[in-house]
Amino acid sequence: MKYLFFAFFLICQSSYALDARQLADPIQQENYEILTKELRCLVCQNQTIADSNAELASDLRRQVYEMLEQGKSNDEIVLFMTDRYGDFVLYKPAFKGKTSLLWIAPGVFLMLGLLIVYVFIKQKKSTSKAKSADQPGNLDAEKQKKIRSLLDKGDLS
Amino acid sequence: MLKYIIPLILFMVLAVFLGIGLNLKPSEIPSPFINKPTPYFSASKLDAPEEKLSPADLKGQVWLLNVWASWCVSCRSEHPVLNSLAQKNVVTIIGLNYKDDSVNALRWLDSLGNPYNTSISDLEGRIGIDYGVYGVPETFVIDKNGLIRHKQTGPVTEQDVQNVLLPLIIKLQAES
């Protein structure tokens, strides 16, 4: 069982596409890793180019690598990619007119949800208050007496 | 009454959104190149590697850039459509032979027919990257001034030719 558990974790390890490139400068190497994890592979759309084994992903990794070697900044490389593939190539799209809905919508839906919950609870509370007037504990003395007498009489039938 | 109408309205709104979602084609990514100049390249011709072709050579004519490869399965289904478009002789068709082996590519043209005025080689896929190619086949329509006016991802069908490409080509031919 223990081994099975261990094997499970081995399988779960995130896989990276194999063509390890090593840049001489550790900072550039770090940038390489950051960039390839931010750029989407357009063939298999739910993978980054770091994860994907698609040919295009490998070409784009090469492109990132070469541009870093040429001393290009991360922003320049991201611009290079969006010029060619559009915002879609970014896993984290920039905030602008076209993508604003993408960024704002989750917040709006959260607010909407909270509002609905609030209204719902409020309604529940007010109806339960109205109902509680009819509950046995809150009956006035006169009603109690009436019930008592009805119950006493009821024994006969 | 309201109790029944509200869920109905909610359902209808949801249905509309789901309907829109069904008709979206998430694999078709809008091209950022529409109405932008063609990216520069100077590429070897497939059948004559010592000769080069660049977009500047095609200025003044409407042309299609069709990205293809002999390893690409959908290109095979697209090929007859391109052949019949080429026979109409209304537009220059340039083939971008993408990440292919030249021998295989030439053999493919020999056996299936050659709709291209010229094919150029992009052995490493670099021109492909400059044109934002992410799936073969892709087709770009380029006007007389070298602006990309339309892009289609995926195989061109006879319907696409009749409904989209030909009308656009005729319109662009009329432009100066």
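What percentage of the 157 residues in chain A is buried? I looked that up before anything else, bearing in mind that this is a predicted model. Buried residues come to 14% of chain A.

**Chain A**

I went through the secondary structure next. Taking contacts between residues at least 6 apart, I get 48% that join residues at least 24 apart.

**Where A and B touch**

Twelve residues of chain A are in contact with eleven residues of chain B. On the chain B side, I sorted them into six nonpolar, three polar and two charged.

**Chain B, strand 4**

Then I moved to strand 4 of chain B, residues 63-68. Six of its six residues are buried, so strand 4 is largely enclosed by the rest of the structure. I noted which way the side chains go: B:Trp63, B:Leu65 and B:Val67 point one way, B:Leu64, B:Asn66 and B:Trp68 the other.

Which strand runs parallel to strand 4 of chain B? I found strand 5 (residues 92-98), joined to strand 4 by six bridges. B:Trp63 has B:Thr92 as its bridge partner there. Helix 2 (residues 73-88) belongs with these two strands of chain B, and together they make a right-handed β-α-β unit.

**Chain B, strand 7**

I followed strand 4 across to strand 7 of chain B, and this pairing is antiparallel, over five bridges. Two of the opposite pairs went into my notes: B:Trp63 faces B:Ile142, and B:Asn66 faces B:Thr139. I now have B:Trp63 bridged to strand 5 through B:Thr92 and standing opposite B:Ile142 in strand 7.

Strand 7 covers residues 138-142, and five of its five residues are buried. I checked each face. B:Glu138, B:Phe140 and B:Ile142 sit on one side, B:Thr139 and B:Val141 on the other, and both faces are covered.

**Chain B, the hairpin**

Last stop was strand 8 of chain B, residues 147-153, which pairs with strand 7 in the antiparallel sense over five bridges. How many residues lie between strand 7 and strand 8 of chain B in their hairpin? I get four, and B:Gly146 in the turn has a positive phi of about 80°. B:Ile142 turns up again here, with B:Ile148 as its bridge partner in strand 8. That puts B:Ile142 opposite B:Trp63 of chain B and in a bridge with B:Ile148.

Notes: Residues are numbered from 1 along each chain as its sequence is written. Chains are lettered from A and ligands numbered from 1 in the order in which they are written. This is a predicted model: local features need pLDDT of at least 70, side-chain atom pairs count only at pLDDT 80 or more; totals for chains, interfaces and linings use all residues. Two residues are in contact if their C-beta atoms, placed from the backbone, lie within 7 Å. Ala, Val, Leu, Ile, Met, Phe, Trp, Tyr, Cys and Pro count as nonpolar, Asp, Glu, Lys and Arg as charged, and the others, Gly among them, as polar. A residue is buried if 20 or more other C-beta atoms lie within 10 Å of its own, exposed if 12 or fewer, and partly exposed in between; C-beta atoms are placed from the backbone. Two strands pair if DSSP finds at least two bridges between them. A crossover is right-handed if, with the strands pointing away from the viewer, the path from the first strand over the helix to the second runs clockwise.
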